[in-house]
Amino acid sequence: MCQCSTPMPNPAGSVTRQSLHDRSRTEALVHKWIESEKAGCDLGEAAIKGWVRHHWNGFLRAKWIEHVEGISYWIELEHRDFGLFRTIRHDSAITPEIFELLKRGKENLDIIVWAQNAGHDIEEVLRVLEQFDINRIRLESRLLGR
């Protein structure tokens, strides 16, 4: 995890460095407020735990997608992954399809099964999955126990 490198600019201009943990805290607090309003009382830490349990993985995947597309630079993610989609999308004709599946939350095994069912070259699919290496982005939320 490289936090000292300057992010590459994207075609739209400069990219601000952001923190997943800081943004997730904001998201969790909004969730806590909404859920507390619904309940008519402050749900406190239980609402934060609920956000982590139900939303952290999807939040992390969405931010990884932004990072890989070169839209947002998240300091907790690998510098080398910033804009990765632009650099590997032409390596294989199947790369955009695989990336769309990753965007929808699919895991490697889901994609391999999809590729087998569709009759795609599994070796090519595995090469693309290795380049994205989504298992590398498994981060724990820092919201609990802070």
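**Labels and their grounds**

Guide: This is a predicted model. In it, helix α4 passes α6 in a right-handed crossing.

Visitor: Which residues make the contact of α4 with α6?

Guide: From α4 come Thr95, Ile98, Phe99 and Leu102. Val125, Val128, Leu129 and Phe132 come from α6. By class, seven are nonpolar, one is polar and none is charged.

Visitor: What makes His21 count as buried?

Guide: Its relative accessibility is 4%. Buried means under 20%, so His21 qualifies. His21 is found in helix α1 (residues 20-39). Leaving aside neighbours within four places in sequence, His21 is in contact with Trp56, Glu76, Glu140 and Arg142.

Visitor: Which residues touch the most other members of the largest nonpolar core?

Guide: Trp64, Ile98, Phe99, Leu102 and Phe132 do, in a core of 30 residues. At least two residues come from each of α1, α2 (45-69), α3 (84-88), α4, α5 (108-118) and α6. α2 gives the most, with nine residues.

Visitor: What is Trp64 in contact with, leaving aside its neighbours within four places in sequence?

Guide: Trp64 is in contact with Leu77, Asp81, Phe99, Leu102, Phe132, Ile134 and Ile137.

Note on methods. Residues are numbered from 1 along each chain as its sequence is written. This is a predicted model: local features need pLDDT of at least 70, side-chain atom pairs count only at pLDDT 80 or more; totals for chains, interfaces and linings use all residues. Side-chain values use heavy atoms; hydrogens and water are left out. A crossing is left-handed if the near helix is turned anticlockwise from the far one by less than a right angle, and right-handed if clockwise. Helices (H or I, at least four residues) and strands (E, at least two) are DSSP runs, numbered from the N terminus. Contact means heavy atoms within 4.5 Å. Ala, Val, Leu, Ile, Met, Phe, Trp, Tyr, Cys and Pro count as nonpolar, Asp, Glu, Lys and Arg as charged, and the others, Gly among them, as polar. Buried means under 20% relative accessible area, exposed over 50%, partly exposed in between (1.4 Å probe, protein chains only). A nonpolar core is a set of buried Ala, Val, Leu, Ile, Met, Phe, Trp, Tyr and Cys residues joined through side-chain atoms within 4.5 Å.
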